[in-house]
Amino acid sequence: MKVFLPDEAATAAFGQALLDAFPADLAGWTLLLSGELGAGKSTLARAFIKAAGHGGAVPSPTYTLVEPYSLPRGNIYHVDLYRVSGEEELRYLGWNELDDGCRIVEWPDRAPGLAQSADLSIELGYEGQGRMARLLGLSERGKAFTEKFK
Ligand SMILES: Nc1ncnc2c1ncn2[C@@H]1O[C@H](COP(=O)(O)OP(=O)(O)O)[C@@H](O)[C@H]1O
Ligand SMILES: [Mg+2]
């Protein structure tokens, strides 16, 4: 499924729409956000986290790797793997302990094996002045989500 996002507000609205389409309990879902620098991964993640009820800032997890949010819809872990190389390093950093929440992951290609256990892939790319988002279900429930989201 593809969605054209003409401006930043459209990316934010898409993040909100994704959150709204999720089941009430987000625990255990893994969303992969890929695309080059400036494609809008953090913009989308920020909108998703705010839509889930977070009122404050959403700092980039580039250095902390994980920014945790404890919200009415459950825990959300905003993960940035830019500085990570491989699944083993990711496990060492505590990836498995984040399974009580929803993991929203930037630069998932740094640990390609993640795709096997993830639910959704959202690929953002430049398209003229705007962006194109491609939503792809990876798991069974991810595929069902994508079908319903259309
Ligand atoms: N749909 C869009 N069209 C045009 N510009 C956008 C769109 N979505 C986001 N932007 C802008 O592009 C930049 C994206 O930055 P960011 O979300 O940090 O990207 P990333 O995390 O992928 O590096 C921001 O300056 C934002 O204002
Ligand atoms: Mg980013």
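Reader: What do the buried residues of α2 pack against?
Author: They pack against α1 (8-21), β2 (30-34), β3, β4, β5 and β6 (120-127). Contact means heavy atoms within 4.5 Å, and buried means under 20% relative accessible area, with exposed over 50% and partly exposed in between (1.4 Å probe, protein chains only). Helices (H or I, at least four residues) and strands (E, at least two) are DSSP runs, numbered from the N terminus.

Reader: Before going on, what conventions apply here?
Author: This is a predicted model, where local features need pLDDT of at least 70 and side-chain atom pairs count only at pLDDT 80 or more, while totals for chains, interfaces and linings use all residues. Residues are numbered from 1 along each chain as its sequence is written, chains are lettered from A and ligands numbered from 1 in the order in which they are written, and side-chain values use heavy atoms, with hydrogens and water left out.

Reader: Ok, which residues of α2 are buried?
Author: Lys41, Leu44, Ala45, Ala47, Phe48 and Ile49. Just after α2 comes Gly53, with a positive phi of about 115°.

Reader: How does α2 run relative to β5?
Author: At about 165° to β5, while lying across β2, β3, β4, β5 and β6. Angles run from 0 to 180 degrees between N-to-C directions, and axes are lines fitted to C-alpha atoms, for helices over the stretch in contact.

Reader: Metal next. What coordinates the magnesium ion?
Author: Ser42 (OG) and Glu106 (OE) coordinate the magnesium ion (ligand 2), at 2.2 to 2.3 Å. Ser42 belongs to helix α2 (residues 41-51) and Glu106 to strand β5 (residues 101-106), so the two tie together parts that are 64 residues apart in sequence. Donors are N, O and S atoms within 2.8 Å of the metal (3.2 Å for Na, K and Ca); water is not among the atoms, so sites may look incomplete.

Reader: Is Glu106 buried or exposed?
Author: Buried, at 3% relative accessibility. Ser42 is partly exposed, with a relative accessible area of 23%.

Reader: And the sheet, what is the strand order?
Author: It is an open sheet of seven strands, β1-β7-β6-β2-β5-β4-β3, with mixed pairing. Two strands pair if DSSP finds at least two bridges between them. The edge strands, each pairing on one side only, are β1 (2-5) and β3.

Reader: Which face of β3 is covered?
Author: The one with Glu67, Tyr69 and Leu71; Val66, Pro68 and Ser70 make up the uncovered face. In a regular strand the side chains alternate between the two faces of the sheet.

Reader: What does Glu67 stand opposite?
Author: His78 in β4. β3 and strand β4 (residues 74-80) pair in the antiparallel sense over six bridges, and a hairpin of two residues joins β3 to β4.

Reader: Where is Arg73 found?
Author: In the loop between β3 and β4. Arg73 is partly exposed, at 22% relative accessible area. Leaving out residues up to four places away in sequence, Arg73 touches Leu19, Phe22, Pro23, Ala24, Asp25, Leu26 and Ala52.

Reader: Last one. At what angle do α1 and α4 pack?
Author: α1 and helix α4 (residues 140-149) pack at about 115°, with their axes 11 Å apart. Phe14, Ala17, Leu18 and Ala21 in α1 meet Phe145, Lys148 and Phe149 in α4.
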